[in-house]
Amino acid sequence: MQSYSLFAPAKINLHLEIIGDRADGYHELVMIMQSVNLGDIIHIRANGTDKIRLYCQNPQVPLDDSNLAYKAVALMQKKYPQSARNFGGVDITIEKNIPVAAGLAGGSTNGAGVLVGINLMWSLGLTQPELRELGSLLGSDVPFCISGGTSIATGRGEEIEPLSDLTDIWVILAKYSNLGVSTPWAYNSYREQYNHLYVSDGEEAKSRTHKVHSGELVKAITAKDTEAIGRLLYNDLEKIVLPEYPAVSELITAFKQENVLGSMMSGSGPTVFALCTTEKEANSIVQKVQNSINDPNLHFWVAQMCPHGIVSIEH
Ligand code: C5P
């Protein structure tokens with residue numbers, strides 16, 4: 001086939017812990033990542049030229065070679081030059097539903113979608129682990145976005161181990177459209193303030209990772225204990241972002257006052273998520289928090305945890 005459409009879900013972090021510095025300049029992390037069914041649709045088509053062309057209705061999305069979707073095509077062309085010659089250039093249209101610069105891996109999931117789409121379109125037959133390895137060349141969150149669901153991510157974030165699926169939890173996402181947080185800024189500020197706590201010994205780093213593997217949140221996920229999951233949310237980057245962005249902190253407090261299962265910032269923010277047991281409850285909490293904060297820049301989405309990453313859809 002000459003064209004494919006893919007659903008590319010956003011992610012939230014249920015756990016984000018910074019362990020130390022890595023030799024490659026990144027941070028050693030241990031995270032628990034969760035896909036949600038708020039996602040972008042990516043259409044991918046051989047265009048009969050030698051060009052990579054990007055289209056998106058959202059003006060915040062760059063359409064040049066800085067976009068991970070573009071980089072994903074360029075990477076596949078470089079790795080598989082014979083297929084690139086056979087099939088020619090690629091048109092990519094992104095239907096953007098995931099908020100941009102939000103801590104929801106919107107850019108990463110687009111890059112992941114393009115890798116999966118080209119694998120199908122060029123009949124390369126790459127496996128998920130092979131696609132994840134290619135994804136790690138594009139960005140730390142791309143490998144998770146490929147397989148999705150519920151996973152522990154370690155290393156730079158690119159080493160993925162699946163956990164049992166969560167699907168019965170509803171997720172409110174809330175973001176101020178006038179706020180954006182730079183991920184490098186958040187990590188670099190964390191390093192400046194907390195590097196005295198960094199683990200430098202490899203064994204100690206392993207033991208910190210192991211603690212999460214055998215820890216309470218993983219047990220709660222395995223037992224599908226939604227209350228415990230809500231109670232055990234954790235994100236080191238809140239220590240940096242919340243003092244700098246009090247509105248984000250107030251949003252978390254507003255959700256907690258509505259007795260959600262739990263509320264936290266996702267990734268490096270500024271999106272806040274809140275967990276609920278039903279869609280009805282999620283919608284009613286959105287109304288209440290919207291009324292109490294009453295800011296036209298504050299936008300809400302109601303989604304559900306979902307057990308997959310990139311999937312091909314009818315087009
Ligand atoms: O890998 P990605 O390009 O998504 O990372 C964005 C930025 O986040 C990096 O440039 C770095 O500043 C920070 N980061 C980090 N350690 C990680 C992942 C990301 O310091 N494991």
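## Cysteines

The model you are looking at is predicted, so local features need pLDDT of at least 70 and side-chain atom pairs pLDDT 80 or more, while totals for chains, interfaces and linings use all residues. Residues are numbered from 1 along each chain as its sequence is written, and side-chain values use heavy atoms, leaving out hydrogens and water.

Searching the whole structure turns up zero disulfides (pairs of cysteine sulfur atoms within 2.5 Å). For Cys56, the closest cysteine sulfur belongs to Cys145 and is 16 Å away, which is too far for a bond. Cys276 is in no disulfide either, as its nearest cysteine sulfur, in Cys306, is 17 Å away.

## Around the ligand

Now to the ligand: its surroundings include Tyr26, Leu29, Gly139, Thr183, Pro184 and Tyr187 (each with a heavy atom within 4 Å). His27, Ser140 and Arg156 also belong to this shell, and here are their contacts. The side chain of His27 places an N or O atom 2.8 Å from a ligand oxygen, and a polar side-chain atom of Ser140 is 2.6 Å from a ligand oxygen atom. Arg156 uses its backbone, with a polar atom 2.9 Å from a ligand nitrogen.

On its own the ligand has 450 Å² of accessible area, and the protein covers 76% of that (Shrake-Rupley method, 1.4 Å probe).

Technical notes: Polar contact = N/O pair within 3.5 Å; in protein donor to acceptor, adjacent residues only side chain to side chain.
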